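This briefing covers the arrangement of the copies, then the strands and helices of each chain. The sequence and structure come first.

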Protein chains: 2
Amino acid sequence: MDKASQLDSLFFPRSIAVVGATNASFFGQYPRVLREFGFTGKLFAVNTKGEEVFGLKVYRSVTEIPEAVEAAAIIIPARFVPQALEECLAKGIKAAQIFSSGFAETGEEEGRALERQLEEKAARGIRLIGPNCFGIYCPGGGLTLLPGGDFPTESGPVAFLSQSGGHAVELSRQAQGRGLRFSKVVSYGNACDIDESDLLEYMARDPETRIITMYLEGPREGRRFLELVRKTAPKKPVIIWKAGLTPLGSRAAFSHTASLAGEEAIWDALFKQTAAVRVASLEELADTAQALLTLPPSTGRRIGMVGGGGGISVAAADACSRAGLEIPPLDGQVREKLASILPPAGTATGNPVDLGAPIVAPPIFEGVLETVAAVDSVDTIIATQALFYVFRAGDVLAGTDDFAQSLLDAVVRVNERYGKPVVIVLPLGGEEVEMAEAEAKRRKARDWYRERGILALPTLERATRAIANVVDYYDKVGKRS
Amino acid sequence: MDKASQLDSLFFPRSIAVVGATNASFFGQYPRVLREFGFTGKLFAVNTKGEEVFGLKVYRSVTEIPEAVEAAAIIIPARFVPQALEECLAKGIKAAQIFSSGFAETGEEEGRALERQLEEKAARGIRLIGPNCFGIYCPGGGLTLLPGGDFPTESGPVAFLSQSGGHAVELSRQAQGRGLRFSKVVSYGNACDIDESDLLEYMARDPETRIITMYLEGPREGRRFLELVRKTAPKKPVIIWKAGLTPLGSRAAFSHTASLAGEEAIWDALFKQTAAVRVASLEELADTAQALLTLPPSTGRRIGMVGGGGGISVAAADACSRAGLEIPPLDGQVREKLASILPPAGTATGNPVDLGAPIVAPPIFEGVLETVAAVDSVDTIIATQALFYVFRAGDVLAGTDDFAQSLLDAVVRVNERYGKPVVIVLPLGGEEVEMAEAEAKRRKARDWYRERGILALPTLERATRAIANVVDYYDKVGKRS
C-alpha cells in the first residue's frame with residue numbers, strides 16, 4: 001500500500017493523543033485549540049508532569065491510554081521524539097504530526113541523526129508529518145493549525161501543501177477575507193516520511209480537492225514529483241510557488257527545512273513540461289486559485305479594458321503586455337458608439353477605454369461596459385472602480401452608498417447578459433488611519449462581487465497576472481471551450 | 001529668460017481667472033475647490049453664461065476684469081481655448097493651466113491643429129501647463145488638483161511631475177496616509193509649452209524641493225532631458241517611473257498624451273548614465289521617496305534580517321537576492337548569543353534570524369535586534385512585526401495594546417543605541433471586513449514609527465526594493481558616509 005493511501009488517519013482521526021500537551025508552550029495548547037475549532041473526536045493528553053491539563057486526564061505515555069488511539073501529535077523536545085514514536089508504534093497508532101524542531105534543519109549531526117531515527121520508526125509502519133511543522137488544517141476532520149482556533153470550519157475546494165508553517169498559517173488566515181475555503185492545508189516541514197509527492201498523490205485522488213496549491217523549498221524525490229505534477233495538472237490545476245531559487249534564498253531554505261532548493265533551470269523545465277502554474281508569491285498563489293475557481297475556461301487573452309484616468313490606462317496596457325495579455329484595438333463603429341456614451345473631453349474611445357474620471361455615473365459605466373462586452377474580439381473585461389471616491393466622505397466625487405451599489409449592479413448585469421468574464425479592480429483608497437471605514441466598505445463590495453461569481457482584486461497587476469495564469473493553464477491543458 | 005524662470009506665476013499666483021467656471025462640470029468647480037483648499041489670492045470667474053457662480057461675479061472675458069490678473073485656469077471646450085488664450089495675452093496674464101482635453105491626444109488632425117495654435121500663443125510669452133491635465137498642487141501657493149480640496153495644506157520636500165493627472169491625484173492622496181508632503185505636484189498632460197525638462201529645471205533650483213519624482217510617458221526633448229537628469233540627480237535624487245515601454249503601453253501612451261514612449265534600450269541607457277533612480281510603479285516611487293527621506297546615506301546593502309516563521313525567512317532571502325541586497329552569515333559567537341536569547345526549538349540563529357513565531361515577547365525581540373545591530377558586517381536591519389496577531393482579538397497570540405507598544409519601543413531603542421537604520425515590515429493581518437479595526441491600529445503603529453524616523457512598509461518585497469534603491473542611489477553619487 002502506498003503512503004498516500006494511509007493518510008486518512010492523519011486528516012480524519014477518530015482520536016488524537018497529544019504528547020507534550022501543556023499550558024506552558026505555544027504548541028502545547030494544541031488540545032485547547034482543537035476543541036475551540038470543533039474537533040469532535042477523542043482527545044488524550046500525554047505529559048510527564050501534572051495530573052490534568054485543559055480538563056483532560058494526563059497519561060505518562062500513550063501506552064497507558066486505556067482505549068485505542070488513531071493518531072498522535074508530538075510536541076516534546078527533539079531528543080525525546082524517537083522514544084515517543086516507539087510507544088506510538090507499540091500502541092498501534094497509525095499516524096503522527098511532529099511539531100517539534102531540532103532535527104536536520106539545524107544543520108548539525110545530532111539533529112540529522114535524530115531525523116534518521118524518525119525515518120526508521122516510519123519504516124515500521126507509522127505515517128509521519130514533519131518534524132519541524134505546524135501540522136494540518138482540515139475542516140472536515142476537525143483539525144486546525146496553530147494558531148488557528150478561529151479558522152473557518154467549512155471545507156472548500158483548495159488544498160495547500162506548504163513546506164513552511166508560517167505560510168500555511170498566513171494563507172489560511174488571508175483566505176478568510178478572500179472567501180477561499182480549503183479541503184486540507186498541510187505544513188509538512190522536514191518531510192522525513194510523508195513528503196510533497198505523497199501529499200500531491202493524495203490530493204490528486206481527494207474528491208474534496210479541486211485545486212492543489214503548493215509552497216515548495218525543495219522536493220525530496222525530484223523525478224517522482226515531476227511525474228506526479230505531469231499526471232495531475234491536466235485534471236486538477238497545480239499551482240506552485242517555488243521559493244529559495246536565489247542564492248540567498250537557497251541558503252535560507254536549507255536552514256529552514258534542510259532542503260536543497262535546486263537550480264532555476266530545473267524548475268523552468270518543470271513548468272515547461274507540465275501544466276503546473278508557476279507563481280512568485282503567496283498573494284499570486286491565492287489570486288490564481290481564486291481566479292481558477294471563478295473564471296470559466298473560455299476566459300481569453302484579449303482584454304477589453306475600462307478605466308478612468310489616462311495614466312491608469314497606460315499602466316493597464318503595460319501590465320497586460322507584461323502578463324502576456326492583449327488589448328485589441330476597437331473598430332470605428334464601436335468607437336463611435338463609445339463616443340456617443342462618454343463625455344467628449346478627457347475621455348478616450350480606444351482600448352483601454354478611458355472614462356475620463358475614476359468614477360462616472362452608473363448609466364455611463366454600464367453603457368461602456370456593455371459596448372465593450374459586445375465586441376467579438378474581446379474575451380475578457382477588466383474594469384477599474386475607484387469606489388473609495390464614493391465611500392470617502394467629503395470628496396468632490398462623493399456619492400452615496402446607493403450610488404456605489406448602482407455601479408456594482410451594472411457589472412453584474414453586463415456579466416449576466418454577455419456571459420463574458422469581468423474582473424474588477426477595486427483599488428485601496430488611501431492608507432490613512434481615518435480611511436479604515438471606507439476600506440471596510442471596499443471589502444464589503446469585494447465580498448458582494450464574490451458572492452455573484454465576479455473576481456475583484458485591488459490592483460491591475462494582480463488582476464492581469466491572475467487572468468494570464470488562468471488563460472495559460474487552459475491553453476496548456478487544451479480545455480478551451 | 002528660460003521658461004523655468006517664468007514658472008513662479010504658475011505656482012504662486014496672486015490672482016487667478018477661471019475661464020469656464022461652472023457648477024455644471026467637474027473641472028468647472030475649480031474656484032470652489034481652490035477656496036476650500038485655502039487659496040487666499042484673488043479669484044475671478046469667466047463664463048459666457050450667468051451672472052454669478054460660487055459667489056463670484058461672472059465676466060464674459062478675462063479682458064473685462066477690472067484688475068490685473070496673474071494666472072488663468074482654462075476649462076472650456078478645446079475649440080474655444082485659442083481665443084481664450086488670445087484674450088489672456090491681451091490682459092497681460094503670465095501663465096495658464098489648461099485642463100481642457102481634445103488636442104493632440106485625440107490622434108486626429110483637428111486636435112493637432114488646435115494644439116499647434118496653443119504653441120503659437122505660448123511663443124508670444126504666456127507659459128502654459130497642459131492641455132489635457134489636472135493642474136497643480138502647490139500648498140505654498142494655495143493651489144490644489146481636482147479633486148483635492150481636502151489635500152494637506154502643509155508643504156513638504158517632494159516634487160512630483162506627472163504626465164498623468166490620475167497618477168498626480170492618486171499619489172497626492174496616498175501620500176496623506178504615508179505622511180509624505182509635497183512642494184509641488186504638477187500634472188502637465190500634453191506639455192504643449194512647459195514640459196518635463198522645464199519642470200525638472202525648476203525643481204532642481206527650487207529650495208522647497210529635496211526629492212524629485214516623475215511619472216513619464218515620453219519626454220518632448222530627449223537630449224535636454226537626459227542632460228538635466230544627469231546634472232540634477234547627484235544633487236537631488238530624481239526618481240523616475242517610465243511607463244509605456246511595453247508594446248501595448250506605448251500605444252496607450254500615445255492616445256493618452258500623444259507621447260512617443262520610446263524604446264526600452266534608450267531608457268536603460270539613461271538609468272545607466274545618470275544617478276536617476278528607476279522605479280516600476282507609483283507604489284515603488286512613493287516608497288523610494290519615503291526611504292530617501294528617512295534612511296541615512298550610511299544605509300548599506302548588508303542586511304540583518306529578523307523575522308518569525310522559517311518560510312518567511314526564505315521569502316526574505318529571496319527578496320533580498322532579487323533586490324541586490326546581501327545577507328551576511330553570522331559568526332559563531334553571534335549565533336551563540338542569539339541561541340542564548342531565543343527558545344531552542346523552531347528558531348534559527350543564522351541570518352535571517354528566525355524568531356520561531358510571528359510575534360515573540362518584547363525582551364526576546366529587543367535582545368535579538370540588539371545582537372544583530374551590533375554585528376559589524378550588518379549595515380541595515382529589516383525586522384518583520386506581525387502586529388495584527390496582537391491587534392486581533394481572540395487570537396492565540398493575542399496580547400494587549402501595551403504589549404504591541406513594547407514591541408514598538410524596542411525598535412526605537414535599538415535604532416537610537418546603534419545608529420543603524422532599521423526598516424520594519426508591518427504586514428496586513430487579513431482582508432476580512434471585520435479586520436478593519438485591527439488595520440486602523442496597524443496604520444497607527446506605522447505613523448508612530450514614522451514620527452520617530454523609522455520606515456515601516458507592509459511587505460518584505462517593498463522594504464527590500466526601497467532599501468536597494470536608496471543604496472544604489474548613494475553608491476552612484478558616491479555620497480557614502
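**Symmetry and strand arrangement**

A436(B) is the residue of chain B that comes closest to the rotation axis, its C-alpha lying at 2.8 Å. The model is a predicted one. Chain B can be laid on chain A by a turn of 180 degrees and a shift of 0.0 Å along the axis, with an RMSD of 0.0 Å. The two copies are thus related as by a two-fold rotation axis.

Interface
- Of the interface residues of chain B, 100% are also interface residues in chain A, so the copies meet through the same surface.

Open sheet of chain B
- Seven strands of chain B form an open sheet with mixed pairing, in the order β3-β4-β2-β1-β5-β6-β7.
- Its edge strands are β3 (52-53) and β7 (127-129) of chain B, each of which pairs on one side only.
- Strands β1 (residues 15-19) and β2 (residues 42-46) of chain B run parallel and are joined by five bridges.
- V18(B) has A45(B) as its bridge partner in β2(B).
- Helix α3 (residues 81-91) of chain B lies across β1, β5 (71-74), β6 (95-98) and β7 of chain B, and runs at about 170 degrees to β5(B).

Strand β10 of chain A
- Six of the six residues of β10 (residues 182-187) of chain A are buried, so this strand is largely enclosed by the rest of the structure.
- Strand β8 (residues 135-137) of chain A runs antiparallel to β10(A), with three bridges joining them; G135(A) has S187(A) as its bridge partner in β10(A).
- Strand β9 (residues 158-162) of chain A pairs with β10(A) in the parallel sense over five bridges, and the partner of A159(A) in β10(A) is K184(A).
- From β9(A) the chain crosses through helix α5 (residues 165-178) of chain A to β10(A), a right-handed β-α-β crossover.

Technical notes. Residues are numbered from 1 along each chain as its sequence is written. Chains are lettered from A and ligands numbered from 1 in the order in which they are written. This is a predicted model: local features need pLDDT of at least 70, side-chain atom pairs count only at pLDDT 80 or more; totals for chains, interfaces and linings use all residues. Side-chain values use heavy atoms; hydrogens and water are left out. Two strands pair if DSSP finds at least two bridges between them. Helices (H or I, at least four residues) and strands (E, at least two) are DSSP runs, numbered from the N terminus. Contact means heavy atoms within 4.5 Å. Axes are lines fitted to C-alpha atoms, for helices over the stretch in contact, and angles run from 0 to 180 degrees between N-to-C directions. Copies are superposed by least squares on the C-alpha atoms of residues with pLDDT of at least 70 in both. Buried means under 20% relative accessible area, exposed over 50%, partly exposed in between (1.4 Å probe, protein chains only). A crossover is right-handed if, with the strands pointing away from the viewer, the path from the first strand over the helix to the second runs clockwise.
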